[in-house]
Amino acid sequence: MSDSVSLSAQVVILAPFVAAILGLLVARNRPAGALISIAGAAVSLVAGAHVLYAIHHGPFSPEVPTVGPLPLGQLKMPLTLLVDELSAIVVVAVAIVGLAVQLFSQWYLHDDDRYGVFVASVSLFLSAMFLVVLSGDLVLTLIGWEVMGWCSYLLIGHNSRKESANKAATKAFLVTRIADLAFVIGLIILASGVSTTSITAVIDGWPDLPAASLTAAFLCLLIGVAGKSAQFPFHDWLPDAMEGPTPASALIHAATMVAAGTFFLARLFPIFVLSDPARLALAMITAVTMVGAAIIAFGQSDLKRMLAYSTLSQIALMLSALAVAPASVGAGPGVLHLLSHAMFKALLFLAIGWLSVLVAGTAAAKMSGGVRYHPQLRLPIAIGLLALAGVPPLVGFVSKESILGAAYDNVTELGSLSGWIVLVSFGVTVVLTAAYCTRAWLVLTHLSPADEAVRRASLAASRTVVDVSLVEIFTEPAPGTVRDSSGTPGQPAAEVEHDHGHAGIFPGARVSIGALAFLSVVGGLIIFTPLVGVEPHLVWGLAASSLLLILVAWLSVRRMAAMNSSGDAADFLGARRIALFDRGFGVDGIYVAVVSPVVRLARIVVTADRDLIDASVRSTVVATRWAGAASERAHTRKPSDYLVWLLLGLLVVGVSGVTLW
Amino acid sequence: MILLFAALAIPAVAGTALILSGRGSRPLSGGNANMLSLVASLATAAFVLAAVIARPVVDQQWLPSLGIRLQFAVDGISAPLLILTAALSVAVVVHAGSRPPHGGSPATFYGCLQLVELGALATFFARDAIIFYVSFEIVLIPMWVLISRYGDSRDLVARADASGRFVLFTVLGSTLMLIGILALVQASGTASLDALAASRGAGLERHTQIIIAALLLVGLSIKIPVFPLHTWLPPAHTIAPTAGSVMLAAVLLKMGTYGVVRLVIAPLPIGFGALAPAFAILGVAGIIWGGLACLVENDLKRLIAYSSVAHMGFVVLGLSSGTTVGLQAALFANIAHGVVSALLFFLVGGLKERWGSADLATARAALREVSPRLGFALIVGFAASLGLPGLVGFWGEFLAMYSAWNPAPDRPLLLMRVLVVVAVLGAGVAAGYSLRVLRLIWSGDRTTPAHTDARGGEWSVLAVLVCSVLVLGVAPGLVLNSTAKDVAAITAEVSR
């Protein structure tokens with residue numbers, strides 16, 4: 001039994017990895033690429049399901065070897081995988097989303113000439129995510145972590161002919177990479193304490209080590225987590241990442257990579273819980289992000305970007321669960337929300353992606369009334385938005401309420417500051433989330449063709465997506481930079497337009513949306529089965545009050561929308577404010593402020609390299625020439641001069657002979 | 001023993017024959033010279049591989065009056081470097097077959113490459129300090145010929161300057177190294193590297209060790225190169241032909257770090273320990289300095305040269321830590337940089353020939369659009385260059401930082417940890433310049449001026465290197481297991 005679990009765990013990672021390599025080799029052959037990529041994800045799902053089943057039915061060895069330990073003297077680096085309930089259930093969830101995305105891509109990108117490369121990158125990405133989830137070694141976590149970042153660079157920049165996609169990709173990678181620098185230091189500190197990179201050894205060993213070092217390590221790790229999970233102040237790469245094709249957004253920017261931080265902290269929860277300062281820092285970061293992102297989400301003129309901001313907010317929710325859950329509760333609530341968010345957010349992205357093909361754009365103006373014209377989308381989108389808002393009995397309700405329960409336990413048991421911070425910001429976020437979900441639904445169901453033209457004109461100005469990339473300042477802006485500011489109707493804001501002649505949706509894509517919708521509904525019940533291995537903890541009084549808040553938000557947004565001819569509640573903000581929301585309140589400016597001094601410093605370095613360091617080298621040439629010329633001049637070719645030199649020399653020898661005797 | 005001599009004799013004979021032919025009235029044609037050179041390199045590679053497996057030892061009396069013995073051997077530390085040298089020697093010949101050299105007789109060009117290979121192999125085989133020095137010097141003149149005669153001929157003054165710099169810097173470095181070697185041999189009474197390593201500096205006063213170590217370190221630092229002795233490298237790379245750049249970056253620089261391990265760390269642990277903090281500071285300064293220069297450098301070949309300075313900085317950091325992890329990291333990073341810089345210089349050399357220059361400010365066709373193979377190799381090369389985990393560049397950097405965070409007990413802990421924090425920032429800068437290059441030449445929608453994609457010999461070389469980057473990145477044990485035993489023997493004594 002144990003061997004088959006090990007084998008399945010290895011297969012989970014290897015299958016998409018092999019699929020990525022094979023996919024690259026056959027990149028030009030569309031059917032082969034589709035087959036390989038879908039098969040890779042399907043094999044992972046089957047193997048992952050087997051792992052999940054097997055560990056609940058019989059003994060197994062949790063440590064699974066990979067490429068073997070590395071010989072590094074005092075540092076032990078076993079490079080093993082760690083199979084347990086936590087990793088198994090997350091593997092299955094990721095595999096479900098991954099398979100759905102691969103099926104959906106086959107349709108969504110069916111007229112894209114780089115389909116093969118795209119799905120190969122998605123396969124590689126999946127492999128890296130599985131590695132993070134199954135990793136039992138800090139180094140393996142780091143490898144998966146960074147490879148995901150690189151894949152997201154490739155996927156966001158998939159349409160590399162488009163300047164804005166290139167900028168968004170570069171920004172995403174640089175921001176996460178810079179955050180990861182601290183992450184690397186954090187990992188080094190953790191490994192140094194116990195002279196091994198094995199996660200089980202780290203968890204066993206650190207409780208006996210100085211708490212200050214532990215806090216230092218976790219503060220570093222938190223920076224990395226904040227970068228990868230797009231938390232304040234690193235969050236701004238994620239909305240821009242919506243430049244990527246929608247399947248990539250669904251996979252990376254909803255279900256997996258951004259949730260990797262949650263998973264990693266959940267993995268280390270037994271020692272994370274020992275560091276109160278680090279937990280307080282996380283509580284503050286997540287409180288700012290969950291509220292701030294929810295506010296910004298409400299004012300987005302582009303629904304795909306609205307989903308991106310809602311992702312920020314929801315990831316902050318899961319992380320906040322880890323910041324407050326008492327040791328007795330454990331990482332369960334955060335992981336639950338990770339699982340449920342993966343389902344309903346992937347569903348929402350794929351459904352919105354489907355709709356964007358049908359209406360040729362993702363801007364709210366384009367999508368207005370979308371589900372009325374395309375009723376096949378009504379149910380999936382409704383399920384997704386209800387789950388996102390946390391309405392019972394959908395999966396989002398159960399997972400959110402267990403976070404609320406964890407925060408409540410914290411306040412009652414520990415009474416710590418972080419508990420209160422999270423509890424209050426959670427309440428605010430519930431209202432805001434319900435508000436933007438209501439707004440999106442009302443926009444999508446709005447029907448008034450007569451007003452269409454008027455509203456489009458008023459929104460035209462606000463549809464600009466301003467991308468101030470970090471690299472912008474490295475180079476002069478290329479002439480003819482493409483910006484989505486044309487404002488003409490029919491120009492989607494965030495994504496390249498698909499032809500109206502796009503083929504009807506493939507059965508595979510339709511099934512994958514259906515499956516995600518199904519899981520979003522019944523997931524709430526699955527959570528209560530032993531399969532998930534997490535006991536949801538609901539505080540019914542709090543649940544009731546959050547439902548009340550949702551109801552209030554629903555009613556007021558409806559009222560706002562009804563008073564507005566466009567049916568878009570956000571139009572209350574006015575075009576100028578919406579433009580401000582679309583820019584995410586200009587957080588980009590912080591990044592530019594960080595990067596421009598570096599570039600200035602780089603220019604100084606280049607100058608110094610030439611005029612200081614190399615100048616000293618060149619000066620030896622000048623000095624040699626000068627010495628040569630001087631000695632040349634000394635040789636006057638007059639015997640009398642030479643005689644003087646000779647006498648002088650004799651004198652020196654004589655004097656030194658006498659004095660040094 | 002025959003394996004060892006064959007591995008050295010073939011490039012010696014082939015190189016001499018090719019150069020004589022190049023000097024003759026009827027030199028070999030480019031194709032024939034390439035073919036002869038290819039056969040010679042392949043045969044050499046086969047013998048090197050056999051020698052690495054069989055591990056022969058040669059130890060014979062040579063110049064008894066000077067106490068110099070003809071000592072050659074292969075151990076775990078030199079084995080990966082020998083394979084790298086032999087493999088890249090084949091690769092440069094294959095690559096030159098599809099992109100022939102300009103500027104002089106092809107026979108001389110290939111002859112010089114053979115001699116460079118001879119010198120590099122002999123350096124890594126040598127077990128006698130004097131022979132090490134002699135081998136080290138064999139490389140110099142052929143490389144000078146490659147740069148000064150076959151280099152970029154658009155600016156003859158720059159070419160003369162670059163080749164002159166290369167020779168003068170390197171000769172200065174070797175002279176200091178020679179003095180250091182002579183002092184070392186004099187003080188310890190043996191020139192055998194094995195005996196020196198076994199003696200572990202016993203019987204040498206602390207200050208003697210420090211003086212000798214300083215001489216050797218300065219001399220070898222020029223070769224590595226360590227900041228601020230690096231200013232010969234960017235011009236040399238910019239001017240050198242592709243084959244020259246590859247051998248220079250991937251093989252010659254490694255001779256410097258290899259020398260540090262053999263001549264300084266093993267025989268002079270106390271002296272090196274005293275100088276290690278300064279050495280580490282300069283290494284980390286190089287990481288930042290080289291990385292920042294890359295952020296604004298507009299000549300692609302210069303840019304990669306500066307990135308080499310940064311990467312060698314991580315090697316220096318690992319060496320300075322004085323631990324097994326650090327030494328393993330340095331030796332791995334050495335190989336990693338050899339593979340990655342070879343890949344990048346093959347790529348950029350090919351691009352420069354296509355573009356006519358390596359200037360980044362000029363608008364070019366996006367590689368992804370017009371030449372997907374070159375584009376793919378470029379993206380792998382720069383991903384490895386920025387130290388992406390899972391590729392070959394990662395292990396050396398990560399382990400070097402770990403080792404410096406936990407240095408040997410006699411190193412200043414706080415300083416080393418500060419250096420790690422600075423070095424990690426350098427890794428961030430590396431991401432910045434790598435993405436900058438990708439954005440300038442890989443992505444975009446320009447398709448003019450069109451150029452051909454890599455095919456034939458050029459593509460096979462690039463493909464093999466891309467695979468090596470991936471394989472060594474996934475299975476670093478291939479190198480680390482080879483070096484582990486001999487590294488443990490060295491550090492056991494360093495930490496004592």
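A residue is called buried if 20 or more other C-beta atoms lie within 10 Å of its own, exposed if 12 or fewer do, and partly exposed in between, with C-beta atoms placed from the backbone. The structure is a predicted model, in which local features need pLDDT of at least 70 and side-chain atom pairs count only at pLDDT 80 or more, while totals for chains, interfaces and linings use all residues. Residues are numbered from 1 along each chain as its sequence is written, and chains are lettered from A and ligands numbered from 1 in the order in which they are written.

The model has an ipTM of 0.92 and a pTM of 0.88. Confidence in each residue is given by the predictor as pLDDT, from 0 to 100. The average pLDDT of chain A is 82, and 89% of its residues score at least 70. Within chain A, residues 461–501 have a pLDDT below 50, yet this stretch has 90 contacts in the model beyond near neighbours in sequence; two residues are in contact if their C-beta atoms, placed from the backbone, lie within 7 Å. Where pLDDT is low, the predicted coordinates should not be read in detail. Chain B averages 89, with 99% of the residues at 70 or above. In chain B the lowest mean, 80, belongs to α20(B), and the highest, 93, to helix α13 (residues 300–321).

Chain A contains 26 helices and four strands, where helices (H or I, at least four residues) and strands (E, at least two) are DSSP runs numbered from the N terminus. Of the 661 residues in chain A, 58% are buried. Among contacts in chain A with a separation of 6 or more, 81% join residues 24 or more positions apart.

Two helix pairs of chain A were examined. Axes are lines fitted to C-alpha atoms, for helices over the stretch in contact, and angles run from 0 to 180 degrees between N-to-C directions. Helices α13 (residues 276–298) and α14 (residues 303–324) of chain A pack at about 155°, with axes 8 Å apart. The pair α13(A) and α14(A) is therefore roughly antiparallel (angles over 145 degrees count as roughly antiparallel, under 35 as roughly parallel, 65 to 115 as roughly perpendicular and the rest as oblique). Residues in this contact include L282(A) and M290(A) of α13(A), and L312(A) and L319(A) of α14(A). By class, the contact of α13(A) with α14(A) has 17 nonpolar, five polar and one charged residues; Ala, Val, Leu, Ile, Met, Phe, Trp, Tyr, Cys and Pro count as nonpolar, Asp, Glu, Lys and Arg as charged, and the others, Gly among them, as polar.

The axes of α4 (residues 115–134) and α11 (residues 257–267) of chain A come within 10 Å and cross at roughly 10°. Helices α4(A) and α11(A) are therefore roughly parallel. M129(A), V132(A) and V133(A) of α4(A) meet M257(A), A260(A), F263(A) and F264(A) of α11(A). The contact of α4(A) with α11(A) has seven nonpolar residues, no polar and no charged.

In chain B, H230(B) lies in the loop between α9 (206–223) and α10 (233–239). H230(B) counts as buried because 27 C-beta neighbours lie inside 10 Å. Apart from neighbours within four places in sequence, H230(B) contacts P225(B), G286(B) and V309(B). V309(B) is 79 residues from H230(B) in sequence, but their C-alpha atoms are 7.2 Å apart.

The contact between the chains takes 46 residues from chain B and 41 residues from chain A. On the chain B side, α18(B) gives the largest share, 11 residues. This side divides into 28 nonpolar, 13 polar and five charged residues.
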